[in-house]
Amino acid sequence: MSTPADLLDDLTADLDALFVFSPSSGFYERFEESEEEVVVVAPENSVDAETFVELPLEFDNVRDRIRFGIEGAIDRGIVDDGDDVACVVGVFGDDYDSLVRVRVDESIHTGIYDLFVNSRADPGVIRDVFEVVMELGKKGQKGKPVGALFVIGDAGKVMNKSRPLSYNPFEKSHVHVGDPIVNVMLKEFSRLDGAFVISDSGKIVSAYRYLEAGAEGVDIPKGLGTRHMAGAAITRATNATSIVLSESDGLVRAFKGGELILELDPEDY
Ligand SMILES: Nc1ncnc2c1ncn2[C@@H]1O[C@H](COP(=O)(O)OP(=O)(O)OP(=O)(O)O)[C@@H](O)[C@H]1O
Ligand SMILES: [Mn+2]
């Protein structure tokens, strides 16, 4: 006979660290005597935790929230491949309702921390574009697979290193990504050739942009075509981040500094 408490014993056996997401100080204090290293993951370190990973935004998706915290901890050398950690999170609200055990390995490491923390644009802007791209990847345009290329941040420089393929539908408009109507427009315009250019603060600067940054020294996986090469090259020539949806394999990839930093299958989300 096994009880729920036995189950919890299994989940909490031999932990290398305990991740506590957005704790109140009262809740955090309960772990003061804890044997495991306690890592607080939250928008702010309001509990003065010794070991802290800053969340740039509250990920509604719990898997992303956990990934983010763990990747942040890997980045700081707090945990390593092969470690077993438990995460205390609220899935349905701010109150704790779940304990999730995770093995730190390649499969947890997507690059999502790098994408948000080391990009020049606001994390909220990256998230908004990321969500549009993931949705396009899942549903396509009117059910058909579609490709798209978003270049985010350092827009002045990106505009200097690109040219219009046609009339810019966003000329003189002051619209921002994240607005539901704008997101519908972005999906609609994903049929257009070229790239979308988005500013650090999320303003849609242009659609239909042909990127002209040189591909010299840009090293991306073989088999990716011109959309990915152009998307990667512009991030070497500027401080922008690119998010690319592939029409042919359906994957979402992000590039920074001319390199691939993230590869995700929208179907997994
Ligand atoms: N220099 C560029 N700047 C902006 N967009 C580009 C550029 N080169 C190609 N594209 C876009 O990429 C599309 C062609 O994609 P291609 O098949 O060569 O790339 P890919 O990397 O294989 O992408 P996919 O995986 O979606 O097929 C074009 O229709 C165009 O919209
Ligand atoms: Mn192709």
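Here's a quick tour of one protein chain, from its overall build down to two single residues.

First, some housekeeping: this is a predicted model, so to speak, where local features need pLDDT of at least 70, side-chain atom pairs count only at pLDDT 80 or more, and totals for chains, interfaces and linings use all residues. Residues are numbered from 1 along each chain as its sequence is written, chains are lettered from A and ligands numbered from 1 in written order, and side-chain values use heavy atoms, without hydrogens or water.

Okay, the build. We've got eight helices and twelve strands; those are DSSP runs, H or I over at least four residues for helices, E over at least two for strands, numbered from the N terminus. The C-alpha atoms fill a box of roughly 65 × 35 × 35 Å along the principal axes. Of the 269 residues, 48% count as buried, where buried means under 20% relative accessible area, exposed over 50%, and partly exposed in between, using a 1.4 Å probe and protein chains only.

Now, what does UniProt say? An unreviewed entry there annotates "domain: DAC" over residues 109–266, though such annotations may be inferred rather than shown by experiment. That span is 32% helix and 23% strand, and its end C-alpha atoms lie 16 Å apart.

D154 isn't a glycine, yet its phi is positive, near 50°. D154 sits in the loop between β6 (148–152) and α6 (155–160), and it's buried because its relative accessibility is 10%. K172 also has a positive phi without being a glycine, about 65°. You'll find K172 in the loop between β7 (162–164) and α7 (180–189), and at 74% relative accessibility it counts as exposed.
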